[in-house]
Amino acid sequence: MERRIFLSLLGASAAVAGTSLRPFIAPAHAAGEGKKIKIGFLPGVVDPFYQVMQVGVEAAAKDLGLEVVTQIPQTWGVDVQTPILDAMVARGDLNYLITAPTDKDQMVGPLKAAVDAGIKVITVDTFLGDGDYVKGPVTFPISYIGSDNVEGGRISARGLAKAIGGKGSVYINSTNPNVSSVEGREQGFKEVMAKEFPDIKVLGPDYNLDDMNKAQQQTAAVLEREQNLGGVFGTNVFSAQGAGTAVVNAGLGGHVQVVAYDATKAAIELMNNGVVTLVLAQKPFDMGYMGVEFAQADAAGVTSLPRRVQTGFAIIDKDNVKDPAIARFIYQVPG
Ligand code: T6T
């Protein structure tokens, strides 16, 4: 009511001034006057990273008084994510979708279908196309909110290179090709190794398909084959934990250095045991929280939301892990 009075006052003063204020009179609710917006949350897979993101989504929904419907795939992949997405669209009551596409190309069609059905899309953690929603091949999402994964890969490379003294060979264990997040990490990692550390040879990546056991087996096989391996870069939760476990099982903790992307408690424990040298914490809570804020702002008529938001990192090592300002970014999974 207050809002209506405010808008009619604006209208009156615009009439006096002889200008139109129509662009400012945007609906507060996408679903129509008086109805709250409803948001779907569809991340990539059940893991501590997305569980923390869910905490962020739910916190924002509570703070803003919005309703969220969450569906988390049990395993990673287009084949698993698409039918869940289709079912969310078929409900017919969602206005926004906050999602992490499991493939930067193959999820374009299914998500465009959601947009055509009237659901606005915000991508978090992973992007579609090249992630440039202004000039790139895919422009329909409102925004991409996530880490600068290429930079994360660069940071990981410098950390690993330093830990092994700038020479030798290192191995990348990753999840899947064509996923923007891990692809960016691999790219940044290889770029820095090639440019700054010519005496380091990079092996891999092997793709574990988000299966920690597979990551462990793949790393064990490389450790067996490459007797002089100096280090491993695990590009996400599953890769880093599988790699770390393989190094421990081979009795090589402290000899083969591991850099872990994603600050799970397991990764921190491996660091405390001298196996992992560096942990990159992303900010999944922020991604989830801001995704909901963006949906609400869009529904209220905000037209200048940034199309790309970088959420940043905390770089954790044994010297700063006890610092509360850093330790707060270790993924705290509820329950
Ligand atoms: O590393 C995160 C996420 O950023 C990536 O896109 C997929 O894997 C994780 O969810 C960790 O398992």
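Student: What is the bridge partner of Ile-145 in E11?

Tutor: In E11, the partner is Val-309. This is a predicted model, where local features need pLDDT of at least 70, side-chain atom pairs count only at pLDDT 80 or more, and totals for chains, interfaces and linings use all residues. Residues are numbered from 1 along each chain as its sequence is written.

Student: What makes E5 and E11 a pair?

Tutor: Two strands pair if DSSP finds at least two bridges between them. A strand (E) is a DSSP run of at least two residues, a helix (H or I) one of at least four, both numbered from the N terminus. Strand E5 (residues 144–146) and E11 have three bridges, so they count as paired, in the parallel sense.

Student: How do you know that E3 pairs with E1 and with E4?

Tutor: Count the bridges again. Four join E1 to E3, and four join E3 to E4. Both pairs run parallel. Tyr-96 is the bridge partner of Ile-39, and the partner of Tyr-96 in E4 is Lys-120.

Student: Which strands are called edge strands?

Tutor: First, the order of the open sheet of six strands is E2-E1-E3-E4-E5-E11, with parallel pairing. Strand E2 (67–70) and strand E11 (308–310) are the edge strands, as each pairs on one side only. Neighbouring strands of this sheet are turned by 20 degrees against each other on average, direction ignored.

Student: Which strands does H2 touch?

Tutor: H2 packs on the sheet and touches strand E1 (38–42), E2, strand E3 (96–99) and strand E4 (120–124). Contact between two residues means C-beta atoms, placed from the backbone, within 7 Å. The direction of H2 makes about 160 degrees with that of E2. Axes are lines fitted to C-alpha atoms, for helices over the stretch in contact, and angles run from 0 to 180 degrees between N-to-C directions.

Student: Why is Leu-278 called buried?

Tutor: Buried means 20 or more other C-beta atoms within 10 Å of the residue's own; exposed means 12 or fewer, and partly exposed is in between, with C-beta atoms placed from the backbone. Leu-278 has 23, so it is buried. Leu-278 lies in strand E10 (residues 276–281).

Student: Which way do the residues of E3 point?

Tutor: Tyr-96 and Ile-98 point one way, Leu-97 and Thr-99 the other way, and all are buried. In a regular strand, side chains alternate between the two faces of the sheet.
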